[in-house]
Amino acid sequence: MAQAAAAGHATIFEDWGSDVTTFKGVPWGKAMMWIFLLSDTFIFSCFLISYMTVRITAAEPWPNASEVFSLTMFGAPVPLLLIAIMTFDLITSSGTMALAVNYGYRRDKKKAIRFICATAFFGAVFVGMQAFEWTKLISEGVKPWGNEWGAEQFGACFFMITGFHGMHVSAGVIYLLIVAWRLHKGVYDKTNYEIVEIVGLYWHFVDLVWVFIFAFFYLW
Amino acid sequence: MSSEVGQQHPLSLYFWIWGLLFVVSAGSYFTDFMEAGYLRWTLILTFMLVKAGYIVAIFMHLKWERWALIYALLLPPGALLVLMGLMAWESWDYTWLSRVVYFGEDPYPLRCPDAANPNCVPMAH
Amino acid sequence: MAQAEIPYQEAMPLHHPHSWVTKYWFSQDHKVIAVQYGITAMAVGLIALLASLLMRTQIGFPGAIEWITPDRYYQAVTMHGMIMVIYLLTAFLLGSFGNYLIPLMLGARDMVFPFVNMISYHVYLLSVVILLASFFVPGGPTGAGWTLYPPQAILTGTPGADWGIITMLLSLAVFIVAFTMGGLNYITTILQARTRGMTLMRMPLSVWGIFAATVLGLLAFPALFVSAVMMILDQVIGTSFFMPAIASSFEPSASEYSGGSPLLFQHLFWFFGHPEVYIVALPAFGVVSDLISVHARKNIFGYRMMVWAIVWIGVLSFVVWAHHMYVAGMHPYFGFFFATTTLIIAVPTAIKVYNWTLTLWRANIRFTVPMLFAIAFVITFVVGGLTGLFLGNVIVDVPLSDTYFVVAHFHMVMGVSPILVIFGGIYHWYPKITGRMLNDTVGKLHFWITAVGTYVIYFPMHYLGFVGVPRRYYHNEPLGESAFYPASAELLNQGISIAAFIVGAAQLLFVYNLFVSYWRGRPAGDNPWEACSLEWRTPQTPPIHGNWSDTLPTVHRWAYDYSVPGEKEDFIPQDVPHRA
């Protein structure tokens with residue numbers, strides 16, 4: 001049983017020493033998604049480590065993210081306002097996703113589909129805000145090959161890392177919609193609806209990556 | 001494929017964590033208004049890890065998985081910590097210093113013990 | 001051992017083929033996909049072999065073929081290296097052996113997601129097509145050396161610095177996608193879809209090696225993927241991740257570059273590149289353990305030790321990467337750290353060599369063709385491994401770096417050794433794949449030419465390295481009187497080249513054997529080598545789609561019950577119960 005984690009560390013040796021399955025009670029798709037996310041962790045970490053390296057080694061000053069990403073509200077610049085909204089948007093979508101998973105396992109198909117669609121909606125909003133952010137920055141003169149405030153790697157890292165993350169969000173939105181459609185069609189009716197948890201794992205991972213990007217790129 | 005029932009938890013738990021994530025994110029955002037310094041860095045990293053922890057443990061249900069899976073997922077990223085540590089060490093202590101010494105000026109003079117410099121990024125060294 | 005759990009694989013729905021296309025082209029049968037991977041990898045490997053022969057022509061007989069210009073020479077060097085390491089060795093050992101052996105050896109019907117598995121091969125094929133397309137783009141393929149170091153890889157003057165490098169990096173990125181799809185399947189199958197009684201510690205070592213290598217691949221290829229993305233950005237839109245301002249002093253048009261770090265690329269590349277060595281080596285270790293045990297009619301010595309050695313090599317392979325960078329100008333303190341970890345990784349490797357040797361010790365050895373290749377592997381690996389100890393020490397490595405000593409070392413240890421295992425494995429499993437034996441006489445001829453030729457080619461290279469012959473040099477001529485290595489080196493180079501031509505030609509024997517035996521080979525029967533592991537216990541040979549009859553086999557013992565005292569037969573298959 002999945003809930004048996006409390007049974008203690010001895011289960012590690014039982015599980016890894018057993019036949020048939022190593023991860024007890026974990027469906028194939030879920031195991032595969034977890035392993036994929038582990039691999040994806042390495043991709044994002046390599047991006048972030050590269051960013052750290054070029055930032056530390058930069059002999060030119062690094063532009064101040066807090067100023068670059070500020071929005072002017074009521075005549076005064078508010079630092080990182082859009083980024084904060086994007087963060088809250090993504091957390092909101094994580095919450096709706098968690099509810100979708102929960103309703104999936106309660107076999108409440110309608111609510112699960114509704115919350116999946118809500119998640120996809122918040123994801124799409126995120127991508128939209130990102131597009132706005134990119135357009136604004138580019139018009140202000142931040143290019144991947146240079147900017148007027150300092151080290152040119154600033155723009156390069158920004159577009160590469162947020163771009164790769166944005167691609168993950170976009171792919172996630174499509175994935176969510178496909179799952180919602182197939183749920184609606186009844187493709188998964190014979191299963192435990194673990195597909196909702198699998199797509200949920202992916203979606204929470206995308207949110208997780210954003211936590212690190214937010215801390216390391218925008219706040220550093 | 002699995003005959004077992006998946007994760008079942010009361011909804012209130014999710015709402016609690018959801019709320020906490022908002023609070024922590026807000027805290028994380030407000031570090032941006034702080035003076036640069038060790039305190040700010042500590043808060044940034046703490047909020048980051050708390051948020052990541054809640055997402056992975058509760059939303060991704062890792063807390064309720066068996067240890068066999070938890071360890072299989074949490075140990076491998078250790079390799080990344082090695083890469084990160086060595087790259088930080090080399091970038092700061094060697095590449096950056098060589099560039100400053102041989103090619104030009106320090107944009108942050110001596111990585112500024114002078115806290116008045118707004119560009120100051122104190123680095124653990 | 002709890003055996004209550006029913007393997008989900010037993011009732012797994014299979015997508016049966018309805019036409020020639022779904023049977024041989026878009027097949028979802030892991031065995032067909034394995035053969036597809038194998039044929040593609042071998043075909044592209046032949047191109048790499050041809051590239052190496054071009055190189056040897058130029059090195060042994062400078063100017064003999066005027067078509068080989070310096071540019072073409074460097075392109076041959078690069079494509080030879082890249083194809084051999086990624087598109088042949090990685091793809092063959094994991095894509096072909098992995099696909100074929102994992103489900104059969106574990107008693108599974110197929111991979112857990114056959115559709116993803118099928119896509120994986122076609123994406124791999126796409127990466128190969130992009131790779132081959134680079135031969136036809138303006139400027140030809142990249143000539144930056146297989147390590148593709150920037151800044152030179154994308155600066156004018158390096159052959160293929162515009163289109164060539166882009167297609168190369170794109171092809172690598174696509175390959176990584178293919179590998180990820182395949183690799184996720186392999187790991188999930190090994191962890192979640194074994195048959196009853198098949199614990200991890202009863203798996204044949206082949207599966208262990210493939211498993212560890214796949215884990216390494218999934219964790220190491222991301223670093224290559226990331227560096228490929230960044231280099232494409234540097235080349236195409238002019239970012240400066242890897243390009244320092246100094247690059248613009250070589251190329252006025254590159255004046256926009258500033259502040260990039262070429263060292264970063266090298267770190268990322270080798271953070272992938274060193275595990276890659278073990279991605280190639282670990283499956284070879286595993287397969288050769290099985291070959292030795294079967295043909296020596298003896299259980300593998302120290303099975304548990306072998307497993308833990310594989311695991312520890314895998315873990316340590318992530319903390320040794322910068323031993324490829326001793327002369328790169330990295331942080332001077334790193335040498336100590338990486339030399340230490342490098343020497344530590346020699347310990348589990350040495351354990352494996354001892355155990356192979358002790359398995360052979362006083363065994364009832366059958367000198368079949370697979371066994372010959374396995375023994376040749378052990379010897380070659382020891383030679384290559386020992387020179388690795390030289391190169392792992394900073395102080396010895398500095399003078400030897402970028403000489404033929406390094407070329408000899410890595411060809412012995414990760415070029416020829418895994419190739420010998422691939423040959424051995426093909427001779428071993430061909431009867432299961434086709435139902436017919438490969439021709440023994442041709443096989444032995446192929447073996448002796450290949451094995452002896454290897455030594456004729458690579459042994460003298462150690463000497464060349466010691467006298468200071470640098471690698472990757474087009475020729476020694478412009479140095480004339482002031483040439484810094486002796487004229488005798490030229491003579492050796494000629495000898496090496498002639499041997500290389502002979503060994504290269506001998507591979508045609510192998511291809512001929514593969515083709516002719518498919519129709520004319522001696523019928524093999526179910527278990528020609530009298531082996532214990534499950535793949536020889538399928539009801540049909542070649543196994544049908546779905547591998548087993550209605551129920552999956554139940555495993556009662558490990559895969560190495562050879563010559564058990566007091567038993568009538570000298571081997572007891574894994575699915576035979578213990579006597580009450």
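Reader: How many residues of chain C are in contact with chain A?

Author: The model is predicted. Contact here means C-beta atoms within 7 Å. Chain A brings 32 residues to this contact, and the number on the side of chain C is 40 residues.

Reader: Which element gives the largest share of the side of chain A that touches chain C?

Author: Two elements of chain A give two or more residues to this side, α2 and α6 (153-185). By class, the side has 20 nonpolar, nine polar and three charged residues. The largest share is 14 residues, and the element that gives them is α2(A).

Reader: How many charged residues are on the side of chain A that touches chain B?

Author: In the contact between these chains, 56 residues come from chain A and 52 residues from chain B. On the side of chain A, the elements that give two or more residues are α1 (10-16), α2 (28-57), α4 (81-105) and α7 (194-219). Divided by class, this side has 34 nonpolar residues and 16 polar ones, and the charged residues number six.

Reader: Which residues does V207(C) touch?

Author: Residues up to four places away in sequence are not counted. Those that V207(C) touches are L101(C), I102(C), M105(C), L106(C), I190(C) and G286(C).

Note on methods: Residues are numbered from 1 along each chain as its sequence is written. Chains are lettered from A and ligands numbered from 1 in the order in which they are written. This is a predicted model: local features need pLDDT of at least 70, side-chain atom pairs count only at pLDDT 80 or more; totals for chains, interfaces and linings use all residues. Two residues are in contact if their C-beta atoms, placed from the backbone, lie within 7 Å. Helices (H or I, at least four residues) and strands (E, at least two) are DSSP runs, numbered from the N terminus. Ala, Val, Leu, Ile, Met, Phe, Trp, Tyr, Cys and Pro count as nonpolar, Asp, Glu, Lys and Arg as charged, and the others, Gly among them, as polar.
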